Amino acid sequence: MQLSIEFFPPQTGEGLEKLRAVRSQLAALQPDFFSVTFGAGGSTRERTFAVCRDIAEAGQPVAPHLSCIGSTRENIREILADYQARGIRRLVALRGDLPSGMAEAGEFRYASELVEFIRAETGDTFRLAVAAYPEWHPQARSPREDLDAFARKAKAGANLAITQYFYNADAYFHFVDEIRARGVDIPVIPGIMPIVSFFKLARFSDACGAELPRWMRRTFESLGDDTASIRAFGLDLVTRLCERLLAGGAPGLHFYSMNQAELTLEICRRLGRC
Ligand SMILES: Cc1cc2nc3c(=O)[nH]c(=O)nc-3n(C[C@H](O)[C@H](O)[C@H](O)COP(=O)(O)OP(=O)(O)OC[C@H]3O[C@@H](n4cnc5c(N)ncnc54)[C@H](O)[C@@H]3O)c2cc1C
């Protein structure tokens, strides 16, 4: 099974130091790569670079995220040249969302244009992952248009897709059936969000369009602030989701680690990965 683990770039040197410790714990899982998010418009550019450099220098495979909204072709060309020079050979290619207050959309409208651009500039140098949304992208006009847009993006030259997180396995299986029917055969890796705090998860899910099923929401709500029970229920729930996805043919898992090691390690231990 393919395994990848996502980080976000910390704000401070101390955060970077902590992330090193987290990464060395997670390295025990021998992931295929660590990925590092990138703020649209280059807002985290230097911090994303710093984490990616750190990972690459430790001899571990890294896939920087690269979001194109708010960027020019020249900005992206420079970043590609930098990664190429550092021997980085994987990228997660995204549109991104413009940070509030940033009005300039830049020279790219969609991730498919970024994938085309990277392929035109650098050929097959990079193994490219793109984002997928089993519960549909929140701005999509319709499920059909979202699937068609995904198929265009994949056919522009993506090697694999990583999904937004979800807790309903059927949404993933339906998505995969639909894209296969559109002639897309790249692996689609489910994005897995371990549950650290249900309150934060609920807030974030509303913003990114991930559904929290009623039975799950109500159970968490009934646990109040009993952190041990929340942790136990979240671990059971996410482990069962992973088991069901893998049994149904998912080719791997991508963990949204939130820069923490413990829950990802425990879920992988339960799955027999370590
Ligand atoms: C695995 C993963 C990692 C992520 N990492 C980051 C990150 O590091 N930094 C960050 O800023 N964000 C990140 N995001 C969030 C992502 O950038 C947002 O969800 C963003 O709103 C969409 O990006 P996309 O690459 O999916 O865009 P696109 O694939 O371009 O899709 C965006 C919307 O446009 C529609 N669309 C696409 N093409 C067309 C077309 N030709 N005509 C009409 N409509 C079209 C789609 O249906 C969709 O609604 C990540 C998301 C995932 C799932």
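Helix α5 gives the most to the shell around the ligand, with four residues; helices (H or I, at least four residues) and strands (E, at least two) are DSSP runs, numbered from the N terminus. The model is predicted, and local features need pLDDT of at least 70, side-chain atom pairs count only at pLDDT 80 or more, and totals for chains, interfaces and linings use all residues. Residues are numbered from 1 along each chain as its sequence is written, and side-chain values use heavy atoms, with hydrogens and water left out.

The shell around the ligand comprises 24 residues, of which F38, D97, Y133, H137 and D146 come nearest (a residue is near a molecule if one of its heavy atoms lies within 4 Å of it). By class, this shell contains 11 nonpolar, eight polar and five charged residues; Ala, Val, Leu, Ile, Met, Phe, Trp, Tyr, Cys and Pro count as nonpolar, Asp, Glu, Lys and Arg as charged, and the others, Gly among them, as polar.

For H65, a polar side-chain atom is 2.9 Å from a ligand oxygen. Backbone atoms also take part: a polar one of G96 is 3.0 Å from an oxygen atom of the ligand, and an N or O atom of the A111 backbone is 2.8 Å from a ligand oxygen.

A pocket is an open set of points on a 1 Å grid over the protein atoms alone, with protein on both sides within 12 Å along at least five of seven lines; a cavity is a set where a 1.4 Å probe fits but cannot get out, and lining residues have an atom within 4 Å of a point.

Four cavities of 30 Å³ or more were counted. The largest cavity has a volume of about 50 Å³, and its lining includes P194, Y256 and M258. Helix α10 (residues 262–270) gives the most to this lining, with three residues.

Methods
A polar contact is a pair of N or O atoms within 3.5 Å; within protein, one must be able to donate a hydrogen and the other to accept it, and residues adjacent in sequence count only if both atoms are side-chain atoms. Grid points are joined across faces, edges and corners, and a volume is the space filled by probe spheres set on the points.
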